[in-house]
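Hi,

Here is the structure I promised to pass on. Have a look at it first, and my notes follow below.

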Amino acid sequence: MAIAPTFEYVRPRSLEEALRLKAQYRERALVLAGGTDLIANLREDMIHPELLIDIKDIPGLDKIVIEAGTLKLGPLVTFTQLIEFGPLGKTFPMLLDASRTVASVGIRNRATLVGNICSAVPSLDSAPPLLCHEAVVHCLSLEGERHIRIDDWFTGPRKTALKPDEIVTGITLQPVFHSGSGIYLKLGRYGGEDLAQAGWGILIDGANHYRVAHCALGPVPARASKIEALLDGNQLNEALIQQAMDLVPEEISPITDIRSSKEYRTHISKVILKRGLLAARERLAGKDIDPRTLLGGI
């Protein structure tokens, strides 16, 4: 194990103070929220900051609010908070599914959703629900505020559209469909803490509109636009689902790594997509579906 580099550590009490430090140090300063990825990267000698800005003492950054159907999440909101937030399962069930799959209980207690998207690993579980719900990332600097669509957020493996002097101040999600439901399915190598071999999120409504997104199947998480176009306005049936499965190789660009071969990722994505479409339809009809039971036997 590498020896952690030397760096300064500050714990500002206001967002303005944090922004001044970020403007001064820019890419040489990193923001610490949950720290589950950041600390691991420090230990592995993957990052070398001069300054860590710990934002946990800044009030109001851990809020979860639903206003007029829009879900507003502060940068300190953890996955455990999301899981325990009662209204989430009714309005944003896919995000609840994804939150439950992130690492272990201990990690979920500290890891933040904003930190997850800032780490920008290709397998991040939060990406499919954010993509399907067309989330917006809110960033702030001393120069002003920017609102970045989640489709434009991921620019490469571990790379984002965040500027060196900016801090993410929150994420907003909308239901997208007036009356709909969704599901997130993740396949790992085993039932414990593991990154995804493949993850698929599916939104559906009563008028047969769809949003489909995936993670761990390319350099960045992405929407499956060809599959969405095929499905849009059509009632699910065996032939339509097979056509959607046949489009999977055109939507993804998987790699072979220690978790899976690219061939297996392509094959299993077809299976996950089929099961996910059927499960999303059942959820829409009011059936209680636990996504953790749907990939048994694979």
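**What I found**

L247 sits in helix α11, which spans residues 238-251; helices here are DSSP runs of H or I with at least four residues, strands are runs of E with at least two, and both are numbered from the N terminus. Before going further, please keep in mind that this is a predicted model, in which local features need pLDDT of at least 70 and side-chain atom pairs count only at pLDDT 80 or more, while totals for chains, interfaces and linings use all residues. Residues are numbered from 1 along each chain as its sequence is written, and side-chain values use heavy atoms, with hydrogens and water left out.

With a relative accessible area of 17%, L247 is buried (buried means under 20% relative accessible area, exposed over 50%, and partly exposed in between, with a 1.4 Å probe and protein chains only). Not counting residues up to four places away in sequence, L247 touches K226, I227 and L230, where contact means heavy atoms within 4.5 Å. I148 is 99 residues from L247 in sequence, and their C-alpha atoms are 29 Å apart in space.

G276 belongs to helix α12, residues 262-284. G276 is buried, at 1% relative accessibility. Beyond its neighbours within four places in sequence, G276 is in contact with I183, L185 and I202. W200 is 76 residues from G276 along the chain, yet 7.6 Å separates their C-alpha atoms.

**The cores**

Which residues have the most contacts inside the largest nonpolar core? They are L71, L73, L82, W153 and L173, in a core of 40 residues. By nonpolar core I mean a set of buried Ala, Val, Leu, Ile, Met, Phe, Trp, Tyr and Cys residues joined through side-chain atoms within 4.5 Å. Setting aside neighbours within four places in sequence, L71 contacts I64, V65, I66, F85, L88, F92, L95, I171, T172 and L173. There is also a second, separate core of 29 residues, with L185, L187, A224 and I252 among its members.

Helix α5 (residues 93-101) is worth a look as well. Of its 9 residues, 8 are buried, so α5 is largely enclosed by the rest of the structure. The buried residues are P93, M94, L95, L96, D97, A98, S99 and T101. After α5 comes A103, with a positive phi near 45 degrees.

**Some loop residues**

Most residues other than glycine have a negative phi. D45 has a positive one, near 65 degrees. D45 is located in the loop between α2 (36-43) and β3 (51-54), and at 36% relative accessibility D45 is partly exposed. V176 also has a positive phi, near 70 degrees. The loop that holds V176 runs between β10 (167-173) and β11 (180-187), and V176 is partly exposed, with a relative accessible area of 30%.

Is T78 buried or exposed? T78 is buried, at a relative accessible area of 10%, although its place is in the loop between β5 (70-73) and α3 (79-84). Apart from residues up to four places away in sequence, T78 touches R108, N109, R110, A111 and T112.

P157 is in the loop between β8 (154-156) and β9 (159-160). P157 is partly exposed, with a relative accessible area of 45%. Leaving out neighbours within four places in sequence, P157 is in contact with A120, P122, P219 and V220.

**The chain as a whole**

The chain has 12 helices and 14 strands. Its radius of gyration is 19 Å, close to the 19 Å that the globule rule gives for 298 residues, so the chain is as compact as a globular protein of that length; the radius is taken over C-alpha atoms, and the rule is 2.2 Å times the number of residues to the power 0.38. Along the principal axes, the C-alpha atoms fill a box of roughly 60 × 45 × 30 Å. Of the 298 residues, 48% count as buried. Among contacts between residues at least 6 apart in sequence, 61% join residues at least 24 apart.

Best wishes
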